Every structure is written in structure tokens, then in C-alpha cells.
2 protein chains.
Amino acid sequence: MVTTKSLIPPRIPCDLCPIGRRPHFRNFTQEELGFVQSFKIGELSVDPGATVISEGERHPQLYTVLTGWGYRYKILEDGRRQILNYVLPGDLVGLQGNLMAEMMHSVEALTRLTLCTFERDKLTTLFRDHPSLAYDLTWIASREESMLDEHLLSIGRRTALERAAYLLAFLDTRAEMTGVFVEGGPNILPLTQQHVADTLGLSLVHTNKTLRKLADMGMVRWLDRGCEVLDQRRLFDLAGWRPTKEGPRPFI
Amino acid sequence: MVTTKSLIPPRIPCDLCPIGRRPHFRNFTQEELGFVQSFKIGELSVDPGATVISEGERHPQLYTVLTGWGYRYKILEDGRRQILNYVLPGDLVGLQGNLMAEMMHSVEALTRLTLCTFERDKLTTLFRDHPSLAYDLTWIASREESMLDEHLLSIGRRTALERAAYLLAFLDTRAEMTGVFVEGGPNILPLTQQHVADTLGLSLVHTNKTLRKLADMGMVRWLDRGCEVLDQRRLFDLAGWRPTKEGPRPFI
DNA sequence: CGGGGCCTTGAGAAGTTTCAAATCGTGTGG
DNA sequence: CCACACGATTTGAAACTTCTCAAGGCCCCG
């Protein structure tokens, strides 16, 4: 039996956090660093395909993704699944559950995923003593909201081909900005076509035919369980979308 | 020329705010009330059909809806429009713009809409001196996020009929909880079928046929520019959805 | 009385789903 | 080492859903 989920004590001290060292992310003050360090209670490691959070359960922890890819989703009673968004390094996972009693969505790992674990109860202290971090939390929630707005526009009003172009361009630029691609290697989005289908709200068969078109147009290449974006610019044009440039981005 | 948008100085003092007096909303402490009062810079009144916020513009104000209905939307270059969510009394409007430089969506009034206006710059003070209100802001952002998750599931994975049932049941229960229906009168959702179409991601014609089915099944009645929900329970069952019960709900 | 906004309906075209089946590569057990 | 099962991708064809085009009715307002 393979370990799919394991919690270990903190190994990486926050002042050496790999996320803070990347471009596009903001830096903490010493004071903030001290608090975040005390806020952190461990590190969690999750195998590909394993579940980090389940809809309907209570979750006493919050997480920040350190490395790897995952996704948030909801399912209807009969099994129809909708992927809501993807989570990458620097993303906060599980905040919603703080406010609602139970989690309203599930989170699953796409690759091996490591997460920084925080104790939800200490959020009160965060809000009381660290207004700058509280502001960051709101910023983060607000950013997720804009991404969801964009997805909604896409699923609701774009054609299948435009949707696919949007999704792959969106993920590719997010991955770039986050620095989640493995150094040196080709830039691979670690998805199956089933994931794409469940994100776009299309059937697997039609998704396959749509991705084939994008591949025939030379914009992407499809691999065994992944996708390489070959021409970001043309995907942008096809989707009629452009990434918004962000200033230095907060994380916790 | 009819006035479509007019800003007046505060008339309603916050301690008499009609929202705080409704069930389901939380109450402020005296201390919070004092700050919110100073945060408020005026009241805005908007005619049906007028624009409160435009995508792409900067907005130095934040708003809380006092009375009436509105909606948030985005449009593609060629005019395709997607309604993202509706705004009702107690909802905060324009928070996203604080963090992103420009607004990423527009907001339009469905009925006559009155809004409480706040100065964005004072948010810093809010976070610094009023942690409980800062927490509420995060709560509010997080609530919006769950609603968007639910919409995404709906548009992506429900059939046209299920989507329509979900939307009307969702709006009807929200309106009930918010107390936005006019006293005594029938409970009318002030929408045209075009709004429904742009929310569900369907064409107007198909939306009409779908709503007709719901009406023939006796679940709703369609009026000139509005919809009356006749059988909430059956809409829930058809959509496979149930509203989440919230405890006392914060607002600013 | 005319115009405009909104709702309604029909019919053909286009897009999407479902069913069915074949290929390919990987990993496991015999 | 081979046979086999399995997951992922691919393809074709028929059924179904949804869109577009077109037009008519209704009601309110100027």
C-alpha cells in the first residue's frame, strides 16, 4: 500500500520558503515572517490522484501549496463533475471552509503536491495582530474570485475551441508566473483530457476532437498525460483573452 | 433627460441601517458602528438599466447595496455577455477593484438601486484598527466565491432545464433571506428572459423554451419582466440543489 | 397610431453527446 | 519474458440539444 497523504513537522523554515524567493511574489517583513512561522504547524505531502480536501467535511487546517499541481472540483449526485479551478504554488487552499461550516468543494492532487499546513484557529490572531496579512487574505480571496469570473464567462459564452484555447493559455501563463514548471524541461501541463473536459463542461469525446484541432493548428502538443503549449500568443488571440499583469503577489 | 445616477450625502445613519434590522444579518458593536459611519461618504441612487460600475475603469469607491437588485457581468469583444452573479441588499460591490488596478467586471441595476458609498482609501484603516470588520470582508469575499463555484457547476454540468431551475430557486431563496421582496405583494424576481439567458449561457430562444417547460410544470409563472416562483421545493429537486443555511451574516 | 421592448413559436443548421470500438504504452502477475 | 489488464487517447456514426434565422403577438408609451 502506497502512502497517499502524510503530515510531517515543519522542515522548511519560512524565511527560506521557496515561494518567497520567486519573482512575482511579495516579500514578508521580519515581523510578518515571525508570525507566519508560528502559524505553520507542518507540511503535508500528497500523491497524484489523492484527495486533499473532501466536500462536506470539516477541515481544521488551511494550506498553502508549496510545490505541485492540484484542482478544486464539485460533483453532482449522479457523478457529473465540474473542475472549478486549479491550485499552484502560492495558492491558499481551504479558506472557504473557515466561514462555511463544511467544505463546499473537494481538492485533489494532479502531481505530487506538497503543502504548508496552518491552524485555522489562529486566523483570529492573524486578523487581530497582523493587518497586512489580513489584507493579503482578502487580496487572495479576491483574486480567486476574478479567476472564477473569467471561467464563468468562458464556459458560458465561449465556443468549445475558444474555451480550450483559453484554458490552456490560462494554465500555461499561470504556471510560468508561478515558476512551477520543472527547470530546463519542456513546459508540461499535467492534465488528462478528462480533466480538460470536466473543466470546460464538455464531454470527453468532444474535448478530444477540440484539442485535436488545436494540435493540428500547431498551438499545442498533446502528450500521454499532459499538454505542451507551443504558441501562447495564438491561443490568446483565439480565445480573445489576455492575462492581467499583477504586481508583486501576496501569499501566506 | 432622466437622472440615472445620483450621489447624495449620507441620509441614513448607520445605527438605523435597514439591513442590520433584518433577520439573518449580524449586528455591529457600538465601536464598529462608529467606524462604519465614518467610512461612509454618501448614498448613491441608480435607475433601472443604468451602470454602476464599468469594466476597465478605476473606481475610488466601494458600495454596499441598501435596496434593489443588480447584476455583475462581463462581455467578450464581440458583445457576448455573461452574467456572473446578482447583487442584493447587504452585498458588497466593487471590492475586487481594490486589489486589481481596474474593475474586471461591470455592474448594472435591475431595479432602482440604492447603495451606501465608502471610500476605498479608508480600507487601510479598516484593516489596521478593526480586525472584526476585516474578518467580515474576507467572509464576504469567500461567500461570493462559493456562489461562483456553484454557478460554475451549474453552467458546466447541468442540463438547460436543471440550470434554469437552479437559477430561479437560487435567486428566490436569496431574495427571501435578504428580505428584498416588497412586503405583501407577490415575490417577483425582476428579470427579463434575456438576463436569464445571459446567466445560464444559453440563447434567448432556447431559454424561452426552457422557461416555458418550467411554467407548464407549474413551478414558475412568467410575467412581463419578471418571474414568480410557485414551487421552490420542486425546483430544488429538479436542480439537485439545496441552499446552504448560513448563520448570522456579516455586511459592511 | 407607430415604435420599441419583450415574449413566443417554427424550422433548419450547427454543435455536442452518447455509444461503440480500436490503438497504444505501462505495469503486473504468471 | 509474455500475456493481460488498465488507463488514456483516438475515431466514426447516430441521436439529441442548442443555436440561428425569421416572424408574429402583445403591451406600454410618446
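The radius of gyration of chain A is 18 Å in this predicted model, and because a compact globule of 252 residues would have a value near 18 Å, the chain agrees with that expectation. The C-alpha trace of chain A spans about 55 × 40 × 35 Å along its principal axes.

**Fold of chain A**

- The secondary structure of chain A comprises 8 helices and 12 strands.
- Of its 252 residues, 60% count as buried.
- Among the contacts in chain A with a separation of 6 or more, 74% join residues 24 or more positions apart.
- Chain A exposes about 10500 Å², of which carbon and sulfur atoms supply 54%.

**Surface near DNA strand C**

- Sugar or phosphate contributes 69% of the atoms of DNA strand C within 4 Å of the protein, and bases contribute the rest.
- From chain B, a polar side-chain atom of B:Asn208 lies 2.9 Å from a phosphate oxygen of DNA strand C.
- The elements that give two or more residues to this surface are H7 of chain A and H7 of chain B; the largest share, 4 residues, comes from H7(B).
- By class, the surface near DNA strand C divides into 5 nonpolar, 6 polar and 4 charged residues.

- Of the atoms of DNA strand D that come within 4 Å of the protein, 72% belong to sugar and phosphate.
- A base of DNA strand D is approached by A:Lys209, with a polar side-chain atom of this residue 3.4 Å from a base nitrogen.
- Phosphate oxygens of DNA strand D are approached from chain B: a backbone N or O atom of B:Ser203 lies 2.9 Å from a phosphate oxygen, and a polar side-chain atom of B:His206 lies 3.1 Å from a phosphate oxygen.
- Helix H7 (204–216) of chain A and helix H7 (204–216) of chain B are the elements that give two or more residues to the surface near DNA strand D; H7(A) gives the most, with 4 residues.
- This surface has 5 nonpolar, 6 polar and 4 charged residues.

**A buried threonine in chain B**

- B:Thr64 is located in strand E4 (residues 61–67) of chain B.
- With a relative accessible area of 2%, B:Thr64 is buried, because the cut-off for that class is under 20%.
- The side chain of B:Thr64 reaches the backbone oxygen of B:Ile252 at 2.7 Å.
- Not counting residues up to four places away in sequence, B:Thr64 touches B:Ile19, B:Gly90, B:Asp91, B:Leu92, B:Thr114, B:Leu115, B:Cys116, B:Phe118 and B:Ile252.

Methods:
Residues numbered from 1 in each chain as written. Chains lettered and ligands numbered in written order. Predicted model: local features only at pLDDT ≥ 70, side-chain atom pairs only at ≥ 80, totals over all residues. Heavy atoms only, no water. Near = heavy atom within 4 Å. Polar contact = N/O pair within 3.5 Å; in protein donor to acceptor, adjacent residues only side chain to side chain. Nonpolar A, V, L, I, M, F, W, Y, C, P; charged D, E, K, R; others polar. Rg over C-alpha atoms; globule rule 2.2 N^0.38 Å. Buried < 20%, exposed > 50% of the residue type's maximum accessible area, 1.4 Å probe, protein only. Contact = heavy atoms within 4.5 Å. Areas by Shrake-Rupley, 256 points an atom, 1.4 Å probe, with all protein chains shown as cover.
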